[in-house]
Amino acid sequence: MMTSVDTDLIRVLGDPLRLQIVTLLARETLCTTHLVEETGARQTNLSNHLRVLREAGVVETEPCGRFTYYRLKPDVIEQLAGQFAELAESARNAAENKRACP
């Protein structure tokens, strides 16, 4: 049975800066200072986006002295990818299904 795609997560990842953050965190664990350098975003703006990603369960934090490191939670991305894979499989299976017009 096909599950629905997590639209809240799609919305969270639909923001270009948040997607850039996720892409960077897929490569390595970074602190806010690193993310500011990599993205060119202002620290306050970046912190707001990180909060959204954290609340959505996409990233987790690791305190390290006066810095906070962010790490991507791969299981969340993998689950979303699985939902899209199921959606694609459903579309393949339904290719011949056509509802008649009234």
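Three strands make up an open sheet, ordered β1-β3-β2, with antiparallel pairing. Strands here are DSSP runs of E with at least two residues, helices are runs of H or I with at least four residues, and both are numbered from the N terminus; two strands pair if DSSP finds at least two bridges between them. The model is predicted: local features need pLDDT of at least 70, side-chain atom pairs count only at pLDDT 80 or more, and totals for chains, interfaces and linings use all residues. Residues are numbered from 1 along each chain as its sequence is written, and side-chain values use heavy atoms, without hydrogens and water.

The edges of the sheet are β1 and β2, each with a single partner strand, so one side of each has no neighbour in the sheet. Six bridges join β2 and β3 in the antiparallel sense. Cys64 has Phe67 of β3 as its bridge partner. Helix α2 packs on the sheet and touches β1, β2 and β3 (contact means heavy atoms within 4.5 Å); the direction of α2 makes about 90° with that of β3.

| Element | Residues |
|---|---|
| Strand β1 | residues 30-31 |
| Strand β2 | residues 59-64 |
| Strand β3 | residues 67-72 |

Helix α3 (residues 32-39) packs against helix α4 (residues 43-55) at an angle of about 110°, with the axes 10 Å apart. Axes are lines fitted to C-alpha atoms, for helices over the stretch in contact, and angles between N-to-C directions run from 0 to 180 degrees. The two helices, α3 and α4, are therefore roughly perpendicular (65 to 115 degrees). In this contact, α3 contributes Thr32, Leu35, Val36 and Thr39, while α4 contributes Gln43, Leu46, Ser47 and Leu50.

Technical notes. Angles under 35 degrees count as roughly parallel, over 145 as roughly antiparallel, 65 to 115 as roughly perpendicular and the rest as oblique.
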